Amino acid sequence: MNSEVLAWEIRRHGIEMTHLSGGSHIGAILSVADIIAVLYADIMRYHADDPEWDGRDRFILSKGHAGAAIYAALAESGFFSVDELKTHYADGSRLSGHVSHHLPGVDFSTGSLGHGLSAAVGMAYAARKDGKSHRVFVVLGDGECDEGEVWEAALFANHFRLDNLTAVVDHNHMQSLDFCENTLELEDFGAKWKAFGWNVKEIDGHSHEALRGALKDSRQENGDQDGTGRGNGRPTVVIANTVKGKGVSFMENDILWHYRFPHDGWEYDCAVNELHKIRPEGAEDVYTPEGIPDPALPGPDADIGNDHTMTAGYHPDYPAR
C-alpha cells in the first residue's frame, strides 16, 4: 500500500473508531496521519508476520492519545485484522484509548506525555552498544515538548551521538485547550533543538515527498567519528508542520476536536463525505463504501468556525458562584 492511500485509510479509520467508541483526539489523529503513513509505507523495516523480528526498526508514538492512527496503520499493514479496529475503546479490547504494547507491532505503551523520547533514546543507545543496525523512530506532539523529560533525553541523545535515532514532532501548533504559543512558548522551536546538538529538519508534515526526504537514513551524512567513542553524527529531529484536524474542514485548526469525537448526524456524515472527496485511487472505505448518499447537514446554529481556545473563552472576571 502506498503512503497516500495509507494516510487516507488512517484518517477514515480514525473517524470511524472515535465515532463508534465516543473516544477523543480525532484532531491529533488526523494531523499525524501522513507522518505515520510514510513511516509504515516507505521508511521502516518490519515484518508484519513476525512482529518480534530482531532486525526491525523500533517505533514509539509518544503522543499516545493519537493511538488510533497507529492501530489503523498496523491493521492496514497486516499485523492484525482491520475488523478489530471496530473494538477501539471497548471493554476488554486490545485497542485501548492510548497505545498499548499488548498489540503486535507496538514496542512501548504510551499516554503519559514526555516518556516516549526517553524510551526511544534507551532503545537507540542499547542498539549502539549491541552493535545492531536498526533505527529507532519516535513521534512526539509539540505540546508534549513542554515536558522537561523531553529535553533531558535530547541532551543524552546528543551526548552519545545517537545517529540511529530520529524524532518527529507533529507540530500542529495546538495542545489540549489552546495554541501552543498561548500555553507555553515553543518558538524558535528549531533553534532549541539545534542548541541541544540535534540535526534539525523543518518541513511540511503533510508532504509525503518532504517526509520521505527528511526520514531517509542519514547516518552516513552526519560526519566522521569524533574521537569520543560515542558514535558518528547526531540524532535527527524532523519538525513536521501540520494542521490539527487535517482533511476535515470544520475540524481543522479548531481545538474543540482535541477532545470531541464525530457524533451521529452532520458531524459524522460530513466528515466521511469530506474524506471521500479526497479519496486517492486504491483507497477502500470498508464502512461506507460510497460515502453517505443523503448526509445530515449542519444547521445555522452548528458550532463551526468558532474560537474554542481557552484564551478566547476564559474570563477571570466572572463572578464566583
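**Backbone and packing**

Modeller: R161 is buried, with a relative accessible area of 12%. This is a predicted model. R161 sits in the loop between α5 and β3 (165-171). Its phi is near 50°, a positive value in a residue other than glycine. Most residues other than glycine have a negative phi, and most peptide bonds are trans.

S176 also has a positive phi, of about 50°, and S176 is not a glycine. The loop that holds S176 runs between β4 (174-175) and β5 (178-179). S176 is partly exposed, with a relative accessible area of 28%.

Next comes a peptide bond. The one from E187 to D188 is cis, with omega near 0°. D188 belongs to the loop between α6 (180-183) and α7 (189-195).

Now to the helix pairs. Take α4 (residues 115-130) and α5 (residues 148-159). Their axes come within 8 Å and cross at roughly 20°. An angle under 35 degrees counts as roughly parallel, and therefore α4 and α5 are roughly parallel to each other. Their crossing is left-handed. On the α4 side, the contact uses H115, L117, S118, V121 and Y125. On the α5 side, it uses E149, V150, A153, A154, F156 and A157. By class, the residues of this contact are eight nonpolar, two polar and one charged.

Helix α1 (residues 3-21) packs against α3 (residues 67-76). The two axes come within 9 Å and cross at roughly 125°. That angle makes α1 oblique to α3. The crossing of α1 and α3 is right-handed. From α1, the contact takes L6, E9, I10, H13 and M17. From α3, it takes A68, A69, Y71, A72, A73 and E76. Eight of the residues in the contact of α1 with α3 are nonpolar, one is polar and two are charged.

Helix α1 also packs against α10. Here the angle is about 170°, and the axes are 10 Å apart. Angles over 145 degrees count as roughly antiparallel, so α1 is roughly antiparallel to α10. W8, R11, R12, I15, E16 and H19 of α1 make this contact. Their partners in α10 are Y268, A271, V272, L275 and H276. The residues of the contact of α1 with α10 divide into six nonpolar, two polar and three charged.

What about the nonpolar cores? In soluble globular proteins, nonpolar side chains tend to be buried together. The largest nonpolar core here has 62 residues. Within this core, I36, L39, Y40 and F59 touch the most other members. Several elements give two or more residues to the core. The helices are α1, α2 (26-43), α3, α8 (208-215) and α10 (266-277). The strands are β1 (58-61), β2 (136-141) and β7 (236-241). The largest share, 13 residues, comes from α2.

L39 shows how the chain folds back on itself in sequence terms. Leave aside its neighbours within four places in sequence, and L39 is in contact with M44, F59, F137, V139 and L215. There is also a second, separate core of 27 residues. Among its members are L117, A119, L165 and V169.

Key. Residues are numbered from 1 along each chain as its sequence is written. This is a predicted model: local features need pLDDT of at least 70, side-chain atom pairs count only at pLDDT 80 or more; totals for chains, interfaces and linings use all residues. Side-chain values use heavy atoms; hydrogens and water are left out. Axes are lines fitted to C-alpha atoms, for helices over the stretch in contact, and angles run from 0 to 180 degrees between N-to-C directions. Helices (H or I, at least four residues) and strands (E, at least two) are DSSP runs, numbered from the N terminus. Angles under 35 degrees count as roughly parallel, over 145 as roughly antiparallel, 65 to 115 as roughly perpendicular and the rest as oblique. A crossing is left-handed if the near helix is turned anticlockwise from the far one by less than a right angle, and right-handed if clockwise. Contact means heavy atoms within 4.5 Å. Ala, Val, Leu, Ile, Met, Phe, Trp, Tyr, Cys and Pro count as nonpolar, Asp, Glu, Lys and Arg as charged, and the others, Gly among them, as polar. A nonpolar core is a set of buried Ala, Val, Leu, Ile, Met, Phe, Trp, Tyr and Cys residues joined through side-chain atoms within 4.5 Å. Buried means under 20% relative accessible area, exposed over 50%, partly exposed in between (1.4 Å probe, protein chains only).
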